[in-house]
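Good morning, and thank you for coming. Please look at the model on the screen.

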Amino acid sequence: MTNTEEHDVADGPATVVWTRMDTPIGRLLLAATAQGLVSVVFRADDEVTEAFLERLGRRLGMVPVEDSGESGRLAPAVAQLRAYFAGELRDFTLDLDWSLTAGFNRRVQRELATGVPYGSVVGYQDLADRVGEPGAARAVGTAMGANPLPIVVPCHRVVESNGGIGGFGGGLETKRTLLALEGVLPAPLF
């Protein structure tokens, strides 16, 4: 991890910048390359952050550089996530870097990002059908679990066809909170 003072010198096209922000669902880590937002990580305490940044740096072949998130590459993501959690934003308009996902997972995640609007949900089977893979409902679940851009690519909007809430990498309470924020579920009582 590199400190913020080095950010100005090191923030070139071959770097990935990161920041953490506190939200109603806990601390998130955001990372971006020159192409756009590349990752959103839940429960970003120091241990999770350190392990994630090590993996991210290896995977992208870049040195992660800490950023304040108030200006530069991460400012739009931070601002839009704040507006989303305040109930003021329904559609993210961020540049996304899809390099952490590929193949079937990328197809499903792109369909989710563009085809399942705020305040709605989709079943795993329906999403499989939408990408032309009707026998791949379970694989859609795997694609959701591998989503490097949760919230922005709204995997919390994918539910079981029988009406169950399904799983969620950020935890079921987080999924319920996000769906309540979007008006799909009633707000949790506690």
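How many residues apart in helix α2 are Glu54 and Arg58, and about how many helical turns separate them? Before I reply, please note that this is a predicted model. Glu54 and Arg58 are four residues apart in helix α2, which covers residues 46-60, and therefore about one helical turn separates them. The two side chains form a salt bridge, in which the closest N and O atoms are 3.1 Å apart. Arg58 has a relative accessible area of 56% and is therefore exposed, since the cut-off for that class is over 50%.

I shall discuss several of them.

Let us turn to helix α7. Here Arg176 and Glu173 lie three residues apart, which again is about one turn of the helix. They form a salt bridge, and their closest N and O atoms are 2.7 Å apart.

The next pair is arranged in another way. Glu182 and Arg157 meet through their side chains in a salt bridge, with an N to O distance of 2.8 Å. Which parts of the chain does this pair link? Glu182 is in the segment after α7 (172-181), whereas Arg157 is in the loop between α6 (137-145) and β6 (158-159). The two residues are 25 apart, and the pair links distant parts of the chain. Are these residues buried or exposed? Glu182 has a relative accessible area of 5%, so it counts as buried, the limit being under 20%. Arg157 is likewise buried, with a value of 5%.

Salt bridges may also join into a network. In this model, Glu111, Asp126 and Arg130 are linked in that manner.

Finally, let us return to the loop between α6 and β6, where we also find Ala146. Ala146 is partly exposed, with a relative accessible area of 36%. Which residues does Ala146 touch, if we do not count those up to four places away in sequence? The answer is Asn105 and Gln109. Ala146 and Asn105 are 41 residues apart in sequence, yet their C-alpha atoms are 7.5 Å apart in space.

Thank you for your attention.

How values were computed:
Residues are numbered from 1 along each chain as its sequence is written. This is a predicted model: local features need pLDDT of at least 70, side-chain atom pairs count only at pLDDT 80 or more; totals for chains, interfaces and linings use all residues. Side-chain values use heavy atoms; hydrogens and water are left out. A salt bridge is a side-chain nitrogen of Lys or Arg within 4 Å of a carboxyl oxygen of Asp or Glu. Buried means under 20% relative accessible area, exposed over 50%, partly exposed in between (1.4 Å probe, protein chains only). Contact means heavy atoms within 4.5 Å.
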